[in-house]
Structures are given as structure tokens and as C-alpha cells.
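Trainee: Could we go through this model together, one element at a time? I would like to see how each answer is reached.

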Amino acid sequence: MVDPDAVVIGAGPNGLVAANLLADAGWRVLVLEAQPAPGGAVRSDRGLDPDYVHDLFSAFYPLAAASPVIRRLGLEQHGLSWSRAPAVVAHPRQDGRCAVLAADPQATAASLDAFAPGDGAAWERLYALWEKIGADVLDCLFTPFPPARAGLRLAARLGYGQGLGVARTMLLPARRLGEEEFTGDGGRLLIAGNALHADLAPESALGGGFGWLMCMLGQQYGFPVPRGGAGALTDALVRRLTARGGVLRCGQPVAEVVVRGGRAVGVRTEDGTPVPARRAVLADVPAPLLYGRLLPLDQLPERVRAGLRRFQWDFSTVKVDWALSRPIPWRAEGPRTAGTVHLADSVDELTLFAAQIATRHVPATPFAVLGQMTTADPTRSPAGTESAWAYTHVPQHITGDAGPDGITGRWDERDRQAIADRLEAQVERYAPGFTATIRARRVLTPPDLERLNPALVGGAINQGTTQIHQQLVFRPVPGTGRPGTPIAGLYLASATAHPGGGVHGAPGANAARTALRAQRLRLLRRPRR
């Protein structure tokens, strides 16, 4: 291969999106991936049971379905097909009631009215607001900060007074937003449960806005899954890239970004091979790993080094995959047709869960996000069975166990089985007989997740906290928010860059566009002969 114009480090979704956009612009692109296969946190396998497909990490993709970045790639032309469960999210209670985010907004409203009359109308008001501003909100979210054009459109659409009201709503904690909008627990649980897809406790600022965003994405787009497994999304990105001349090399870990004269000029792989880059290096690598391992710290300004010392990872994650002999025997009707099920009996239980993590204790009662993958995509397992998983969060650094099992955080076999049994007991509370359906299970602890994908440091699936102090101009460190780095020609393309975690491709797209813009400016500044 002729020396590439750009080297992309990492073949996760952001790296592959960046590579595709550069290839669209006519650049010669080489992607180097450390793992044996591409995809980062978007991969699937049959490792638990050959008849069952399980997604190793991420599984549902509302942000991908909504993302203008992903939509413009036309991945359906490269083999991607989406599938959806009949219902989006269910949040059952032990008394048999269940809040259901249904495909139809009126059906969602009806499920919330069952908790408190009038809560259905409150949901419809929130969705009407989304229909008015949702496209502008997504444009603000997915473009580099500050989002000048999208922000001006949003301000013009809302006006001063309503704009301030919406800004306040977005900053509310999930508990407060739920209390202001809903009388009963159903709507409150949908908001707070969706906020905890990130590390936003019911009392965390921004949790209400994030929970509302996830709920509205679910209401408009559903929580779709790639037909055949998460890896199908990665496969489509790779096929599109190679069709445009891009090259992907797996099993090629990068050891160093090569810098000369203050500019990134290529990389060096772990086996010592130099790989030049004529125009740019884009890193789909968490910022602490990029700056702490691939670059010498003395290449960085003191403010960046100081910011990295304060960088906060999000919660650690434990995930359990199950091959089930039949669908989960839910006590309530609502979860039986939902792709995603949230398990916590109240907002107070969610608060206690998050508080125990904050005090570095493994929660006694885990909040579980559970995926029913065969319900969402019948190709995932034989008819009459279910391919399922659930994850819960634990502290990055564990000092104790709020439960009875003495989980230590060493994640030895005893810890592994204890946390899996605790998660299964939580499912059993809402689905008596669940454990009798288990044919096989696989437990992925935080070290397992990091081993399978080194970007998930300590099992942190969002590459850094979603809390307000590490968003916008504070992500990944104060004074950033755009893809550029202190090294010319080096661009941060990972989820540690704005706007953060989730499979939407925005960090990769922003990095690619910034690299293209910088190259155009270099050409304009070149002296004419």
C-alpha cells in the first residue's frame, strides 16, 4: 500500500465511521486494530452456545438509528438490517404493574395512566416537545462543541422564555424531572431507569435530560438491533470502508504515535513497524490511554496533564449472558414483548443502588438492564427459546459489599459466581421460575470486559462519566470539547471526546471532519509558486 493519508487507531464504531468519511473524501486510509476482529464494543459471538447469538457488549442502538452520521452512511446498502421488539422498554414492579415504553405513543401513555390518571397526557406533552425540537437537539449533540448553527436553530424555534425552560429541564436530576412531570411511579421509573443506562443517579444533574432523551429516542425510533447480531453493524461499516479503498488490519496494536516537530507523522506498532501518515492520525482510543501510553506526557501542556489526573471513569459493569430454554416467565404482561427490561422496584431503590456504588460498595440489590434478544430479533436463537443478557454496575474500586456475599472486587471465581447469582435473584423477583429456564450462562466481570476490549477500562462502558462536570467543554478535560489535540495532525476520535458514549459515530465523524478541514487550511496557506 502507498503510504496512507491517514492512520486510524482502533476499529471500533467511531474509528470505522472516521475512516469511512475520510475515504469518502478521497483519502487513503489505514485502520489498525489491536484485537483479532474489528468492532470494539460492537461485536457478537456464539461462544456460550452455538445455537445462540450473544452481543458481547452493546446490544440496542437507538442512538445509531437516530444519528444523522450513521444514517448518511447508507449501511443498509452494505448488508445492515434492523430488527425491533414489539415493545421498546418495560419497567415492571413486583406488584404486577408495569410501565411500558411502547412503539405507539398512545400505548405508552395508557400504561402510565394505569399508575396515575393524567400521566399519559404528561408523556404526550413531553413527546410533543421532542417532535418540535428533537432534530435540533440531536444536531446540537452530534456536532463539535459549541454547536453554533444547531444551537441558533434551536434558540429560534423555542424563543427566549421557552428556551430557558427547556435548558432547565435538561439539567434536572431524573428524580426531580419525574416528580415535576408525573404523579405516579410509571413515568418516573422510565426516566430514571433510562438515565442509569449511563452513570447518572436519580439525584445527578443532567439525569433528567438524559433520561428524557433516551425515552424520546425509544418512542420515535425504538431500540433497534442489527439482525443477526451486533457484529452485523460492524460488518457493514467494514464492507463500506473496503469498497472505498480503505484498508483494515487486525491484530496490529499500536504502541506509539510518532511525533516530529510538534506534528503527528505516523505510528509505530508493538512489533516495531513504523507506519507513516501523510496527513493525519485519528485515535479511537480513550484519552487517558492515548495521552498516557501512546504519547509521552512531556509532549502535553500542563493543563492537559492536570486534567487527565482528574479524569473520571464511569461505573464498572458486570454482564451475564444466558441461553434460555424458553422465554422469561415474567409475572407482569408488559415485559413479555419488550426488547429491554429495567429491574428496580422504585426510584428509591435506584437511589440506594447508586449510593452504594458511590460509597464503593457492591449494591445489595442490583439494578438490572436486561435484553431479550430473540424477542427483538428472532434469528438470535431457536424458536421457543430466548437469547438474553443482563448487566449491572459496580464501583470501579470496591471497598465492601452491601450484600451478604462478601464480594471483594478481586473478581476471582467466587466473586464471579456470587455477582451472577445476585443478578439472577433480581430477575427471579419479577419472573418466578427464571433460573429453571437457564441452559447455560457466561459471566463477564470488569476485567473480562477490559480484556476483550481494552477501551473499556475497568469495565467502564461509556469511556468516562456522563455527569455534567465531564461533558461539553469539560470532555475529556477542561478546555476541550473538540477533536483537536495539543499535537498537530492528531485527532481524538473516541467516546472520551464530545459527545461521549453510545454508538452514534459522532466522535469519529467530528474527528474526520476536523482533519479534512485542517488539510484544506494547510493547502490554502501553502505559498503559491
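Trainee: Which residue with a positive phi follows H10?

Mentor: Residues are numbered from 1 along each chain as its sequence is written, and helices (H or I, at least four residues) and strands (E, at least two) are DSSP runs numbered from the N terminus. This is a predicted model, where local features need pLDDT of at least 70, side-chain atom pairs count only at pLDDT 80 or more, and totals for chains, interfaces and linings use all residues, while side-chain values use heavy atoms, with hydrogens and water left out. After H10, with a phi near 90 degrees, comes Gly245.

Trainee: What distance separates the end C-alpha atoms of H10?

Mentor: The expected span of a helix is 1.5 Å times one less than its number of residues. Because helix H10 (residues 231-243) has 13 residues, it should span 18 Å, and the distance between its end C-alpha atoms agrees, being 18 Å.

Trainee: Which elements do the buried residues of H10 pack against?

Mentor: Buried means under 20% relative accessible area, whereas exposed means over 50% and partly exposed lies in between (1.4 Å probe, protein chains only). The buried residues of H10 include Gly231, Leu233, Leu237 and Leu241. Taking contact as heavy atoms within 4.5 Å, these buried residues of H10 pack against helix H1 (13-24), strand S2 (29-33), strand S3 (44-45), strand S8 (225-226) and strand S9 (247-250).

Trainee: Is Pro4 buried or exposed?

Mentor: Pro4 lies in the segment before strand S1 (6-9), and, not counting residues up to four places away in sequence, it touches Arg28, Leu30, Pro276, Ala277 and Arg278. Because its relative accessibility is 4%, Pro4 counts as buried.

Trainee: How many residues of strand S14 are buried?

Mentor: S14 belongs to an open sheet of seven strands in the order S7-S6-S15-S17-S18-S14-S20, with mixed pairing. Both faces of S14 are covered, with Val318 and Trp322 among the buried residues on one side and Lys319 and Asp321 among those on the other. Of the nine residues in strand S14 (residues 316-324), the number buried is nine.

Trainee: Which residue in S20 is the bridge partner of Trp322?

Mentor: Nine bridges join S14 to strand S18 (residues 386-394), and these strands run antiparallel. Six bridges join S14 to S20, again in an antiparallel arrangement. In S20, Trp322 has as its bridge partner Arg441.

Note on methods. Pairing = 2+ DSSP bridges.
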